[in-house]
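Hi,

Here is the structure I promised to pass on to you. Have a look at it first, and then read my notes below.

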Amino acid sequence: MSHIRGRFEKEADKSVLEYTESVRYDWRLYRQDIAGSIAHAKMLARQHIIEEGDAKDIIRGLEAIRDEIEEGQFHFDTKLEDIHMNIESSLIDKIGMLGKKLHTARSRNDQVALDLRLYVKEKTSQSISKLRELQSALVSLAEKNKEVIMPGYTHLQPAQPVLFAHHLLAYFEMLQRDIDRFRDCLKRVDVMPLGSGAVAGVTYNIDREFLARELGFSQISLNSMDAVSDRDFVLDYETAASICMMHLSRLAEEIIVWSSQEFGYIELDDAYATGSSIMPQKKNPDIAELARGKTGRIYGRLMAMLTTMKALPLSYNRDLQEDKEGLFDSIDTLLSTVEVFSGMVSTIIVRRDNINKTLKSDYILATDLADYLVRKGEAFRSAHSAVASLVAFAEKMGKLFSELSIEEYQRFSPLFKNDVYSITIDTSLAARNGIGGTAPTQVERSLKAAKRVLDEDKR
Ligand code: ARG
């Protein structure tokens, strides 16, 4: 670190080095750091700021360092603070004085902003493809169980019959919006900050457009102070990850409830369930529980970074180094959760007989009975109250709707006629035939649309 301690008379205290170093975690930006430096060296040569031959040597040196890191041969030194200084110092060891030219027209402030943007771009795209896989697992589970009917719940009480596929496709929609949110993040992270220098820009005749092209950015940043000091693209990712994880936690909860003995709607594949160390009979949905639990830490990372950034004056402040651990953790947690969910969801075994049992009681058709009265001319509120009394009566008699006589029906409304017996679970489903409803034709249509979305994406 001697080259950045030029003006000091003492080496930093050991506790200071330990407190300030970040290479422990930012080493993972090595590929982005090296890619950025290679582009920078090329640009410096093109602009005649350094010699062509020097740039070539620098690039070769950087590539050798990348190989060493990838082969596990590179020694990361915490005394060199961060990944940027580690790589630069190793470059100087390798190619001598020449290596010292690389940092011309650049600061670690624009360098780290670049590295992190490159990293977030890559991980955002990866998050999108993993979410696609989970969507596709949901679609195939829905497709395989197209005819399964289950109670649709409100307040976790059986409300109206729905297709199991309809329930699953609700998550397809949520994930679709999550993907949109990540795509939106991609637009804003796709901005090349190099050339901002430490704070004010640089004094050399650099070519920022060239850098952007080399590094695959579609735009360059337009204010150097903003470029080195904002991390809203980190917050963007963490926000999208938080909302996505909230969705996953709901799916997790359903899986936990559905796989409980009391529900028994699904069984998890052995490969995606865990046992108990003491109770041999148990098969636990630990993956879903962990995902539900990890949602807290993803939210926490977002709150931490929002708080870190709050009221920070322009431009770069060391506080910003706190962006990485939270971001990396959010990314790792989200990616691993989505990946393991794809496996878990695609191997779910649906216990149709258990689901069918829940539909034995036809009280779930109460809304349909009310709608029936409305069609016969009753006002909805009066129909609702007539059917409510009918339910109470049937319950008291220990009878299903289908077991009530027409005289019994007519005690609650004279509008009940024999055709009331033609109301069944199937007619109830089929009647909900508007766009977005659970009628089999609508669900079939949604399945097709979902598959189209997935196919288009593959192309
Ligand atoms: N490790 C630093 C970070 O993560 C890199 C930038 C350091 N710049 C500085 N002026 N100390 O933010």
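Ser315 sits in the loop between helix 11 (286-309) and helix 12; helices here are DSSP runs of H or I with at least four residues, strands are runs of E with at least two, and both are numbered from the N terminus. The bond to look for is the one between Leu314 and Ser315: that peptide bond is cis, with omega at about 0°. Ala311 belongs to the loop between helix 11 and helix 12 as well. Ala311 is not a glycine, yet its phi is positive, about 65°. With a relative accessible area of 69%, Ala311 is exposed (exposed means over 50% relative accessible area, buried under 20%, partly exposed in between, using a 1.4 Å probe and protein chains only).

Before you go further: this is a predicted model, so local features need pLDDT of at least 70 and side-chain atom pairs count only at pLDDT 80 or more, while totals for chains, interfaces and linings use all residues. Residues are numbered from 1 along each chain as its sequence is written, and side-chain values use heavy atoms, with hydrogens and water left out.

Now follow the chain into helix 12 (residues 323-346). Its 24 residues should span 34 Å at 1.5 Å a residue, and the end C-alpha atoms are 35 Å apart, which agrees (the expected span is 1.5 Å times one less than the number of residues). 18 of those 24 residues are buried, so helix 12 is largely enclosed by the rest of the structure.

Helix 5 (residues 83-95) is another one to check: it has 13 residues and reaches 18 Å from its first C-alpha to its last, close to the 18 Å expected. Helix 5 is mostly covered, with 10 of its 13 residues buried. Among them are Ile83, His84 and Met85.

Next, the ligand. Which residues are around it? They are Ser22, Asp82, His84, Arg108, Asn109, Val112, Tyr316, Gln321 and Lys324, where a residue counts if one of its heavy atoms lies within 4 Å of the ligand. By class, that shell has 2 nonpolar, 4 polar and 3 charged residues. Helix 6 (residues 108-144) gives the largest share of the shell, 3 residues.

Some side chains put a polar atom by the ligand:
- Lys324 has one 2.4 Å from a ligand oxygen atom.
- Tyr316 has one 2.5 Å from a ligand oxygen atom.
- Asn109 has one 3.0 Å from a ligand nitrogen atom.

On its own the ligand has 340 Å² of accessible area, and the protein covers 86% of that (areas come from the Shrake-Rupley method with a 1.4 Å probe).

Strand 1 (residues 149-154) and strand 2 (residues 157-163) run antiparallel and are joined by 6 bridges; two strands pair if DSSP finds at least two bridges between them. Ile149 has Leu163 as its bridge partner in strand 2, and Thr154 stands opposite Gln157. Between the strands there are 2 residues, and His155 in the turn has a positive phi of about 55°. Is His155 buried or exposed? At 75% relative accessibility, His155 counts as exposed.

For contrast, find Ile179 in helix 7 (residues 164-189). Ile179 has 0% relative accessibility, so it counts as buried. Ile179 and Leu235 are 56 residues apart in sequence, and 16 Å apart in space from C-alpha to C-alpha.

Cheers

Terms used
A polar contact is a pair of N or O atoms within 3.5 Å; within protein, one must be able to donate a hydrogen and the other to accept it, and residues adjacent in sequence count only if both atoms are side-chain atoms. Ala, Val, Leu, Ile, Met, Phe, Trp, Tyr, Cys and Pro count as nonpolar, Asp, Glu, Lys and Arg as charged, and the others, Gly among them, as polar.
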